[in-house]
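Student: I have the sequence and the model open. Can we go through them by question and answer?

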Amino acid sequence: MKRVLVTGANGQLGQCLQKIAPSYQEIEFTFKSSKELDITDTLSIPKAFESQKFDYCINGAAYTNVEQAEKTPELAYAVNAEGVKKIALACKKHDVSLIHISTDYVFDGNKREPYTVDDIPNPINEYGKSKLMGERYIQELMDNYCIIRTSWLYSEFGNNFYKAILDKCKTNKVLRVTDAQKGCPTNANNLALFIMDHITNQKIKSGIYHFTDGIVCTWYDFAKKILFENGYNGKVELVADKNYRTFAKRPKNSTLI
Ligand SMILES: NC(=O)C1=CN([C@@H]2O[C@H](COP(=O)(O)OP(=O)(O)OC[C@H]3O[C@@H](n4cnc5c(N)ncnc54)[C@H](OP(=O)(O)O)[C@@H]3O)[C@@H](O)[C@H]2O)C=CC1
Ligand SMILES: Cc1cn([C@H]2C[C@H](O)[C@@H](COP(=O)(O)OP(=O)(O)O[C@H]3O[C@@H](C)C(=O)[C@@H](O)[C@H]3O)O2)c(=O)[nH]c1=O
């Protein structure tokens with residue numbers, strides 16, 4: 001019987017993991033929401049790790065609001081960098097293997113081809129910088145870890161671009177979506193399965209991995225697909241808008257391979 005602790009359990013990935021957990025009878029999951037285990041809180045971390053011996057910790061806890069991170073970066077760093085450091089130290093102390101999720105936004109987007117794990121990160125926004133700092137802490141402190149970079153997550157859970165576009169379709173006749181960035185939309189349910197495959201088969205060694213669903217497109221292309229899948233074609237007009245205004249800079253190309 002393997003024991004797995006999941007942080008950030010009520011987030012998008014956390015809920016995908018909760019959905020598939022019953023099909024892993026040989027694994028005992030402990031799901032902790034942000035209220036039950038705050039990864040920035042030096043007291044709540046030891047409490048969780050001392051409550052029982054875990055084999056794995058899946059860190060689904062993160063500050064993921066890319067726009068807000070520009071305005072209050074200290075909150076993003078507290079969770080994505082210092083919080084991750086605290087989790088890494090606890091995992092090391094209790095001999096727990098850490099599965100941590102990182103992002104395509106650690107890259108600057110200037111490369112024309114897809115980014116490999118050997119490419120050097122150079123984030124251009126505060127969210128990406130804070131996530132890279134989290135990665136670096138894990139690499140410095142731990143031997144037994146797996147950092148999985150993924151991108152453009154969507155699912156039936158949490159907040160994501162797919163749901164934002166669907167919400168807008170309910171009220172807007174015209175949608176403006178940028179075609180100035182390309183990347184790989186990834187179903188968070190597939191990421192959850194990939195993580196569980198790692199745990200059940202112990203196939204991959206410590207290090208950094210890239211996981212996506214493999215299809216490269218722009219946000220505009222993705223929005224087009226979302227409209228099509230949900231019967232909004234012809235009902236809502238989709239306009240490609242290179243100049244869609246945002247607070248945070250985003251990489252032009254954050255395709256992962
Ligand atoms: N969403 C995406 O498109 C992508 C996400 N990723 C990465 O994948 C991982 C999962 O993302 P996703 O599930 O979409 O993110 P969500 O924002 O949906 O979930 C993150 C969870 O972390 C929790 N959390 C925030 N702060 C803390 C804290 N201090 N202590 C404990 N929990 C906390 C949140 O709780 P609360 O709601 O209470 O704040 C939330 O439940 C993250 O590491 C993210 O950086 C990578 C690429 C793409
Ligand atoms: C909702 C919307 C967004 N956009 C633009 C804004 C932005 O440039 C791009 C993406 O929009 P969002 O702000 O929803 O997505 P964003 O928060 O940038 O998504 C990112 O989240 C973090 C957590 C990650 O790790 C990344 O992989 C990525 O998924 O699309 C439009 O052009 N029109 C719209 O109607």
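Student: Which residues of H4 are buried?
Tutor: This is a predicted model, and a residue counts as buried if 20 or more other C-beta atoms lie within 10 Å of its own. An α-helix has 3.6 residues a turn, so residues three or four places apart point the same way. In H4 the buried residues are Ala 76, Tyr 77, Val 79, Asn 80, Gly 83, Val 84, Ile 87, Ala 88, Ala 90 and Cys 91.

Student: Where does H4 bend?
Tutor: Start with the span. H4 has 21 residues and reaches 29 Å from first C-alpha to last, close to the 30 Å expected. There is still a bend of about 30°. The residue at the bend is Gly 83.

Student: What is Leu 98 in contact with, leaving aside neighbours within four places in sequence?
Tutor: Leu 98 is one of the core residues that touch the most other members. Two others of that group, Cys 57 and Ile 87, are in contact with it. The whole set is Cys 57, Asn 59, Ile 87, Ala 88, Cys 91, Ile 138, Met 142 and Tyr 145.

Student: Is Asp 95 buried or exposed?
Tutor: Asp 95 sits in the loop between H4 and S4. Its phi is positive, near 55°, and it is not a glycine. Most residues other than glycine have a negative phi. Asp 95 has 10 other C-beta atoms within 10 Å, so it is exposed.

Student: And Trp 152, buried or exposed?
Tutor: Trp 152 also has a positive phi, about 45°. It lies in the loop between strand S5 (145-150) and strand S6 (153-154). With 25 other C-beta atoms within 10 Å, Trp 152 is therefore buried.

Student: Which element gives the most to the shell around ligand 1?
Tutor: Of 28 residues around ligand 1, Gly 8, Gly 11, Ser 34, Ala 61 and Ala 62 come nearest. Helix H1 (12-20), helix H4 (73-93) and strand S4 (97-103) each give two or more residues. With three residues, the top contributor is H1.

Student: How many charged residues are in the shell around ligand 2?
Tutor: The shell holds 21 residues, with Thr 64, Val 66, Thr 103, Thr 178 and Tyr 244 the closest. Helix H6 (161-171) and strand S7 (174-177) each give two or more. By class there are ten nonpolar and six polar residues, and the charged ones number five.

Student: What separates the C-alpha atoms of Lys 242 and Ala 180?
Tutor: Lys 242 lies in the segment after strand S12 (237-240). Leaving aside neighbours within four places in sequence, Lys 242 is in contact with Thr 178, Asp 179 and Ala 180. Lys 242 and Ala 180 are 62 residues apart along the chain, yet their C-alpha separation is 5.2 Å.

Methods
Residues are numbered from 1 along each chain as its sequence is written. Chains are lettered from A and ligands numbered from 1 in the order in which they are written. This is a predicted model: local features need pLDDT of at least 70, side-chain atom pairs count only at pLDDT 80 or more; totals for chains, interfaces and linings use all residues. A residue is near a molecule or strand if its C-beta atom, placed from the backbone, lies within 6 Å of it. Helices (H or I, at least four residues) and strands (E, at least two) are DSSP runs, numbered from the N terminus. Ala, Val, Leu, Ile, Met, Phe, Trp, Tyr, Cys and Pro count as nonpolar, Asp, Glu, Lys and Arg as charged, and the others, Gly among them, as polar. A residue is buried if 20 or more other C-beta atoms lie within 10 Å of its own, exposed if 12 or fewer, and partly exposed in between; C-beta atoms are placed from the backbone. The expected span of a helix is 1.5 Å times one less than its number of residues. The bend at a residue is the angle between axes fitted to the seven residues ending there and the seven starting there. Two residues are in contact if their C-beta atoms, placed from the backbone, lie within 7 Å. A nonpolar core is a set of buried Ala, Val, Leu, Ile, Met, Phe, Trp, Tyr and Cys residues joined through C-beta atoms within 7 Å.
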